[in-house]
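Hello,

Here is the structure I promised to pass on to you. Have a look at it first, and my notes on its cavities follow below.

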Amino acid sequence: MGVITAPMDFNEEELYVDLRPMTGHRVFLKCEGVNFAGSIKLKAASAMVEAAIHSGALTPESTLVESSSGNLGVALSMIAASKGYRFVCVTDTRCNLSTRRLMEALGSQVHIITEPSATGGLLGARIDHVSALCAADDRYVWLNQYTNPANWKAHYHTTAPAIARRFPHLDVLFVGAGTTGTLMGCARYFRDSHHRARIIAVDTVGSVTFGGPPAPRMIPGLGTSVRPPILDESYVDEVIQVEEADTIRTCHHLARHGFLFGGSTGTVVSGATNWLSRHDAQHLTTVAIAPDLGERYLDTIYQTNWVQDLYGGHLLRSEELTIDARKP
Ligand SMILES: Cc1ncc(COP(=O)(O)O)c(C=O)c1O
């Protein structure tokens, strides 16, 4: 593909990083951040907008509204600008400043929620705000990535078949869980196509997605404070939970090899290397999905003061940044 007319027409689907030299494990990292929205959320955003146009819910008079920790917001901002819709993104204080600026640069309005709701945390408060906007004005159209089947179907039709084509003998797939759109789309595809791949979900400690107790989390993308409605755990073979400190260590470790990835990639790679070090995995073919790249995290994960204030000064000492592949 060399010439495009709309930004969503380009997406790199075939790029993998062989992590063996960096982790000592046979894991291939599928890079989903190489498109004009800079993340995997381009796929869900495109699929949900197309479904809403097709159903007649989205008309030229509509204003799109969505709750997003950032990347879906950027993808929807891009699509809205390209197709001529207004877009309001409801996010919270964990949204990176650069992500917010990107959305505004693309012409979107950004509403930042600062107070968590009593039962649903910041995510619950974001959803309450979206519901209030829709109740006040029926020109608002909420795509609702948390319940919209087009979210997981995007991955059922693109991400998963692309992985199966490139790795027909795939043994294990590691997928981070946010709304669980990527996870459920991939898991359903591999189950429906009778593929033997084991599906391992990677989540953040403090997320309630798989029933764990809630705790504060600072890195956007993975994890939830409200259980995602599209999750069906019967499709998931195993769940790994990763501490945010390990996410940061892994991001810095990869950066020292020249690969600047986002926070959820650090989480997924940390979970995958930990799992592989606990299993006899030399002959397994494994893939992990990297949802975005690292530039949006220069003020957080890659900022020394931010890391030291939240996780302690020891974290960025060089000996801490080496992933010990043998560590259980
Ligand atoms: C950086 C990043 N990683 C992971 C995810 C989670 O993907 P999903 O919502 O498909 O579970 C998101 C979703 O917003 C994200 O922005």
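The largest cavity holds about 550 Å³ of space. A cavity here is a set of points on a 1 Å grid over the protein atoms alone where a 1.4 Å probe fits but cannot get out, and lining residues have an atom within 4 Å of a point. Its volume is the space filled by probe spheres set on the points, which are joined across faces, edges and corners. Among the 38 lining residues, K41, S69, G178, G221 and L222 are closest to the centre.

Please keep in mind that this is a predicted model, where local features need pLDDT of at least 70 and side-chain atom pairs pLDDT 80 or more, while totals for chains, interfaces and linings use all residues. Residues are numbered from 1 along each chain as its sequence is written, and side-chain values use heavy atoms, without hydrogens and water.

Both domain 1 (7–35 + 151–320) and domain 2 (41–142) contribute at least three residues to the lining of the largest cavity; the domain bounds come from an automatic or database domain assignment. α8 supplies the most, with 3 residues. Helices are DSSP runs (H or I, at least four residues), numbered from the N terminus.

Best wishes

Definitions and conventions. 1 Å grid on protein atoms, 1.4 Å probe; cavity = no way out; pocket = protein on both sides within 12 Å on 5 of 7 lines; lining within 4 Å. Helix = DSSP H or I, 4+ residues; strand = E, 2+ residues; numbered from the N terminus.
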